[in-house]
Amino acid sequence: MSEILVLVEHVDGEVKKVTLELLTLAKSLGSPSAVWAGPGLTDAATAKLAEYGADKVYNASSQEIVDYVVAPKAELLAQLVSEKSPAGVLVAATAEGKEIAGRLAVKTDSGVITDAVGLSDGFVADQSIFGGGVNVKSKVAKGTPIVAVRPNSTAPVAAAGAGAVEEVAVTVSDAAKAARVVDRVKQEKGARPELTEAAIVVSGGRGVGSADNFSVIEGLADALGAAVGASRAATDAGWYPHQFQVGQTGKTVSPQLYIAAGISGAIQHRAGMQTAKTIIAINKDPEAPIFELADYGIVGDLHQVVPQLTQEVSNRK
Ligand code: FAD
């Protein structure tokens, strides 16, 4: 079966959910090989990768891979592409993943597709473009197909793989050492789930009105065990931190339930949340475009509706 390389996203030795999604896609096309870049591969991480279909785990444990910004990871993948001639390479369509994909494409003289939301036989990618307004099917016509897949576009499915670990020695070139990581500061995670991995997301927009008012959104999120998101209008106004922005220039989420409060539903916002399974919109304007997308709509002032919802959810616990 043809080998497909999957670059593992990991934090503190833990495999991120997007990697399990990529392994699931790779499994549907061939034999997935997970590529672990940097130190820290544990037996538990290997077991997790195997549980989701990885037949091989390439362990490139050199510290140098993570000491420099992005470029060494592209070099590692280029080395594996040349040694193993895989049928394709999958990376997460995160900011880092897309940069790696682009660099890898140049190094291997191959085509690259970013922001894929699905992948079928023959490495045909479903791509969401123009802020999610148009879906196209694309296929790499040259070299090894490199596809950056959006987080949350596929549900991870367990599928036993062999999980055979193979050590990979890498020599990071001087060119790849052009930008060094000088510090890493962990973001306070808090009690809420990570935005891109949450099953429920409650987002607030300009209609929330102020930074202080975001406590209303947080209250509902906490009652539901959800993550908090925000529109760009809210993050640009400084009401909520930018890392919580949902949309074309923010995060892509695909939760079971997305609640949009005081958000009009601009195409750039929809690009980041339109694949949510169920969408509830709360907006005082019955003509707001978000209602075209919503499964359930509540026309009303969010400052009245959201606290009532929070109360109702709390009462049912
Ligand atoms: P508005 O469009 O102003 O909507 C506010 C809504 O709140 C209105 O519908 C109003 O009826 C409602 N409202 C007001 N008060 C209340 C109340 N008390 N109760 C209930 N409802 C109320 N946007 C993103 O979100 N994410 C992105 O990643 C993103 N990327 C962009 C990239 C580019 C290149 C560009 C050009 C734009 C981008 N935008 C993005 C901005 C986008 O075009 C919109 O401007 C933005 O999404 C609007 O945010 P909003 O819905 O919160 O605000």
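**Around the ligand**

Tutor: Let's begin with a backbone: a polar atom in that of Arg232 sits 2.9 Å from an oxygen atom of the ligand. Bear in mind that the model is predicted, with local features needing pLDDT of at least 70 and side-chain atom pairs pLDDT 80 or more, while totals for chains, interfaces and linings use all residues. Residues are numbered from 1 along each chain as its sequence is written, and side-chain values use heavy atoms, leaving out hydrogens and water.

On its own the ligand would expose 990 Å², and the protein buries 75% of that (areas by the Shrake-Rupley method with a 1.4 Å probe; for residues, only the protein chains shown count as cover). Helix H7 (232-236), H8 and helix H10 (302-315) are the elements that each give two or more residues to the shell around the ligand. Helices here are DSSP runs of H or I with at least four residues, strands are E runs of at least two, and both are numbered from the N terminus.

Who else is in that shell? It has 25 residues, and those coming nearest are Arg206, Ser231, Thr249, Ser264 and Asn283; being near means having a heavy atom within 4 Å. Sorted by class, you get 15 polar residues, five nonpolar and five charged (nonpolar is Ala, Val, Leu, Ile, Met, Phe, Trp, Tyr, Cys and Pro; charged is Asp, Glu, Lys and Arg; the others, Gly among them, are polar).

Arg270 belongs to H8, residues 267-270. Its relative accessibility is 18%, so Arg270 counts as buried (under 20% is buried, over 50% exposed, in between partly exposed, with a 1.4 Å probe and protein chains only). Beyond neighbours within four places in sequence, Arg270 is in contact with Gly265, Pro289, Glu292 and Leu293, where contact means heavy atoms within 4.5 Å. Thr252 sits in the loop between H7 and strand E14 (257-261). Thr252 is buried too, at 17% relative accessible area. If you skip residues up to four places away, its list of touching residues is Arg150, Pro151, Asn152, Thr196, Ala271 and Gly272.

Take Leu49, found in helix H2. Leu49 has a relative accessible area of 0%, so it is buried. Leaving out neighbours within four places in sequence, its contacts are Val8, Val15, Thr19, Leu23, Ala34, Trp36, Leu41, Ala54 and Val57. By the same rule, Val147 is in contact with Val89, Leu90, Val91, Ile113, Ala116, Leu119, Phe123 and Ala125.

Phe123, one of the contacts of Val147, is in the loop between E7 and strand E8 (124-129). Phe123 is buried at 7% relative accessibility. Most residues other than glycine have a negative phi. Phe123 has a positive one, near 60 degrees. Val70 likewise has a positive phi, about 60 degrees, without being a glycine. You'll find Val70 in the loop between helix H3 (64-67) and helix H4 (71-84), buried at 8% relative accessible area.

How values were computed: A polar contact is a pair of N or O atoms within 3.5 Å; within protein, one must be able to donate a hydrogen and the other to accept it, and residues adjacent in sequence count only if both atoms are side-chain atoms.
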